[in-house]
Amino acid sequence: MVSLIFSLLARLPLGLLQRCGLVAGWLTYAFSPTYRRRLRTNLEHALGAETADRVWRQAVGETGKQAFELPWVLLRPQHELFAKVVKVSGWEHVEAAEARDGGIVFITPHLGCFEISAQFFSSHKPITVLYRAPKKAVLQPLINAGRSRGNMRLAPADTSGVRRLIKALRAREAVGMLPDQVPGGGEGAWLPFFGRPAYTMTLGARLTELPGVSTIFAWAERLPGGQGFHLHLRPPLQALDGDTNARAAAINREMEAQIRENPAQYLWGYNRYKRPSGAPPAPATRENQE
């Protein structure tokens, strides 16, 4: 039944899906006190009360749009997806990285239409994408099929997946990941994210340490009215250096800068600051001591 609904939704025009998502976003906000509290709290902690008051309503709708456009992004023919990327800023950074004849690590936060960034690059060259299995197992075949077509390949979030990512980079190919999701216990470190300790994935940082690898930060801005997407690409604002934790902290800061470009399109309702099973306690801060 779920796969049928997914397939039917994918047949609808993108603009209509996003309007449906806008309504669904508000219904979720209205009927889920936990989600409502988390979205407002995360937004206010990260950007302050004034900004939160200004953008939270739009953030509610944009989150719904992200959920409803997912079937369209995963199940429509790839040439239709590529056509919806109506503007690309920063492609010269991809060309410069390729001229250095090394692999590329694409870093994308849960901002805008994060699914389409790797899809678009796959129209150019192969890319291997790190993924975690969805919580609803019934969705896994659909999501895997949508993410592993054409020049896209999948790497599961385990040891075998890490080996695939390293192999791709050593073959001077590209890899992609979303490092602002909570890793499993023992797979991260407590590092600042918008001024609060967040259990942070260190894999992306480790990959940037490989010789010859370039790092590019990417996000696809959702344009109004179903017009499509504007893909933003840039290198780090500051060099990624130091040990793995220092690099992971720098990646968090870079993602913060991306999110500040369009805070309404970030997934503020995600439980980013949770402590996963097996992880050590978060370091004490003045805030959580009061």
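Glu 254 pairs up with Arg 234 in a salt bridge (a side-chain nitrogen of Lys or Arg within 4 Å of a carboxyl oxygen of Asp or Glu), and their closest N and O atoms sit 2.8 Å apart. Glu 254 belongs to helix α10 (residues 244–261) and Arg 234 to strand β9 (residues 229–234), so the bridge ties together parts 20 residues apart in sequence; helices (H or I, at least four residues) and strands (E, at least two) are DSSP runs, numbered from the N terminus. This is a predicted model, where local features need pLDDT of at least 70 and side-chain atom pairs count only at pLDDT 80 or more, while totals for chains, interfaces and linings use all residues. Residues are numbered from 1 along each chain as its sequence is written, and side-chain values use heavy atoms, with hydrogens and water left out.

**Burial of that pair**
- Glu 254 is buried, at 5% relative accessible area (buried means under 20%, exposed over 50%, partly exposed in between, with a 1.4 Å probe and protein chains only).
- Arg 234 is buried too, at 13%.

**Other salt bridges**
- The whole structure has 12 salt bridges.
- Glu 256 bridges to Arg 260, with closest N and O atoms 3.8 Å apart.
- Glu 62, Lys 65, Glu 69 and Arg 222 join up in a salt-bridge network.
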